[in-house]
Amino acid sequence: MENLQLLISGLANGCVYGLIALGFVLIYKATEAVNFAQGDFMMLGAFVTIGLTNTEYMGLPFMVALPISIGLMALLGYLLDRFVIRQMFGESQVAVVILTISLGFVIRFVAGLIWGHNPQTLQNPLAGKDLNFGGLVLGMEDVAVIIVTVLLTTVLFAFFNRTKLGLAMQASSQNQLAAYYMGIPVKRVQGFIWALAGAVACIAGILFAAKGAVDPNTGLLGIKAFAAAVIGGFGSLPGALMGGLIVGVIEPFASRYIAAGYSQVAPYALLLAVLVFRPHGLFSQVRVKKV
Amino acid sequence: MRIVFKTDYMQDIRPWKDGFQLSLYLILLAIAVAAPYLLDIFYLGELTNVLIWAIAGLGLMVLTGHTGQASLGHAAFLAIGCYSNVILIEQGVPFIIAFPLAGLLTGVIGATIAIPALRLHGIYLAIFTLALSILMDDVIVLSEPITGGVAGKYIAGVDLLGLTIDRWGTPILFYWLTLAITVIVTLGYINLLRTSLGRSFIAVRDSEVSAQAMGVDIAKTKTVSFGLSCMVTGWAGALMGLYSGAFNNETFSVVISIQLLMMIVIGGLGSIHGAFFGAVVIGFLPQFLSIAKENVSAVFGGGSVAIPGLEFGIFGMILILFILFEPMGLYGRWLKIRTFFELFPFYRKDMFKRQKSYLKTERLR
């Protein structure tokens, strides 16, 4: 029973990691860039929602604030791409990595200036309600997190593999020049994907803030989500969710059964092991480069 | 404009272009040696800090600037160098042996780690090293009997050839020691770039496939590059330990790794000058900010309000501006200014324009 409880809370945590990882993978899949600021996007999304809903700020009804904050974050993602990332068009991946890391620093600084450095929670209608299945207690937030994550992953997966726009995104990441020749508006596609990643980050942030407190340094959680994305295999949407779940489930079990001090090492040790033995993740998409 | 008249093939691979350039650097060296008599003790300490960062930057530059392998985990190697140096000294090994040994040890560990990391490139290597840097924190805590864990370790001063070198007691000697190591490392670096090994580093950076076709052993080159890079970083770490006097598991955090990488990007990737320029920015930014903040609050009132994260916010903004507008870093900007004056009326705006490139995936063929 105790194990089951651990498993459920691990899954709920893992879903949040998975959602952030989903943002990484979206951008990577469509633009071949890695957005190290995704964790900070999530933090910002959480704070924007808190700013709109919580009574000490604007105090809007939850259901009204939700679409507004998701829209705002999508807009931010689009503007970032339009004015910052697009300048880097065709540059090396590492340059983009450094750019997004520094973006993360700036976002953390700005969030700290606006909302302060104290941890805050999101006031939401689900807070404090529990579901009880014969001794197994589930927080309503945990259930919501799991449902939303599964839904979102399915929709995005279908979007990438079934729709014309999704295919255009994959094409423009695989070979920008060829995609241009095929008549794909590569830059506009990139702008759209950054907006989408912003929206996904905002949803992750809302779920995270509903489950626990956020402060400007929460964005560092992105590193853990990063491990999740790599374990699942960068570039695979179900892989990202899978990786997130693995990391999320390992954590509570490690802290329950492994000596203190060793437990927080577990996700990173797993990451190193995956990188050494299956360098491109469990759902690998990489083939050997040939000339 | 100076035109170097070449009369000998040796002139092409000489470390300096002509006597004029050599004498400029010798003057710079003379000023650096005389610095203790020109600056007060506070700024001398800051200068020492800058030199130590420059050594670490040179270490990372070999790997990232010249071999093209981005590492987000060099703080781990700073830590290994620092701890092994202090532990060796505590075991009674004299500093003059312990210090080189600490670097060598770090280099060997780095090269060993590089072997599994070789299969990774680009973004995956960055993640691998990032995880390494995060793990290092925990490893230090877990191996408490050796490293002192959270309580950390202390080192007062070291004895070198009968002299006591101490950051606080004899700052001038400590500065000269740092300067000597900086000069040795820099000369070694310059020479490395003239050897076939150094050229193969650059070949691997520019195109792995072409390097392989030219007969460069990629695996070996990357391992050696990793080893050399970690060795120099280890020395910088040992000096950092001596400089701060006390350190624990949090001294060498992931943030230091990221800062190190950003430093060489601001300075200019792929140039020895870049490591020094970047170190100056990193070393003096906190001081500059605190002075600026005092002036601002003197004008607008408000006293000395502490803004947490200000330093990193400003740092991030500077970096974004650099990557967008001057990807070659400070050194690139300097090159442009110099070329402008050398060619005076004939400089054109797009002389350093980058070639437009289109990205292709590394996944799928």
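**Figure 1. Helices around the second largest pocket of the predicted model.** α2(B) is the top contributor to the lining, giving 12 residues. Helices of chain B that each supply at least two lining residues are α1 (10-13), α2 (19-38), α3 (41-66), α8 (171-194), α13 (272-300) and α15 (329-342).

**Figure 2. Volume and centre of the second largest pocket.** The volume of this pocket is about 2,100 Å³. Its lining counts 49 residues. Closest to the centre are B:Gln21, B:Tyr25, B:Leu28, B:Ile190 and B:His273.

**Figure 3. Residue classes in the lining of the second largest pocket.** Nonpolar residues number 32. The lining also has 8 polar and 9 charged residues.

**Figure 4. A:Asn35 in its loop.** The loop joins two helices of chain A, α1 (2-31) and α2 (38-53). A:Asn35 counts as buried because its relative accessibility is 0%, and the cut-off for buried is under 20%.

**Figure 5. Polar partners of the A:Asn35 side chain.** The side chain of A:Gln38 makes a polar contact with that of A:Asn35, at 2.9 Å. A polar atom of the A:Asn35 side chain also lies 3.0 Å from the backbone nitrogen of A:Ala37.

**Figure 6. Contacts of A:Asn35 beyond its sequence neighbours.** Residues up to four places away in sequence are left out here. A:Asn35 then touches A:Phe24, A:Ile27, A:Phe41, A:Thr100 and A:Trp194.

Key: Residues numbered from 1 in each chain as written. Chains lettered and ligands numbered in written order. Predicted model: local features only at pLDDT ≥ 70, side-chain atom pairs only at ≥ 80, totals over all residues. Heavy atoms only, no water. Helix = DSSP H or I, 4+ residues; strand = E, 2+ residues; numbered from the N terminus. Buried < 20%, exposed > 50% of the residue type's maximum accessible area, 1.4 Å probe, protein only. Polar contact = N/O pair within 3.5 Å; in protein donor to acceptor, adjacent residues only side chain to side chain. Contact = heavy atoms within 4.5 Å. 1 Å grid on protein atoms, 1.4 Å probe; cavity = no way out; pocket = protein on both sides within 12 Å on 5 of 7 lines; lining within 4 Å. Points joined across faces, edges and corners; volume = space filled by probe spheres on them. Nonpolar A, V, L, I, M, F, W, Y, C, P; charged D, E, K, R; others polar.
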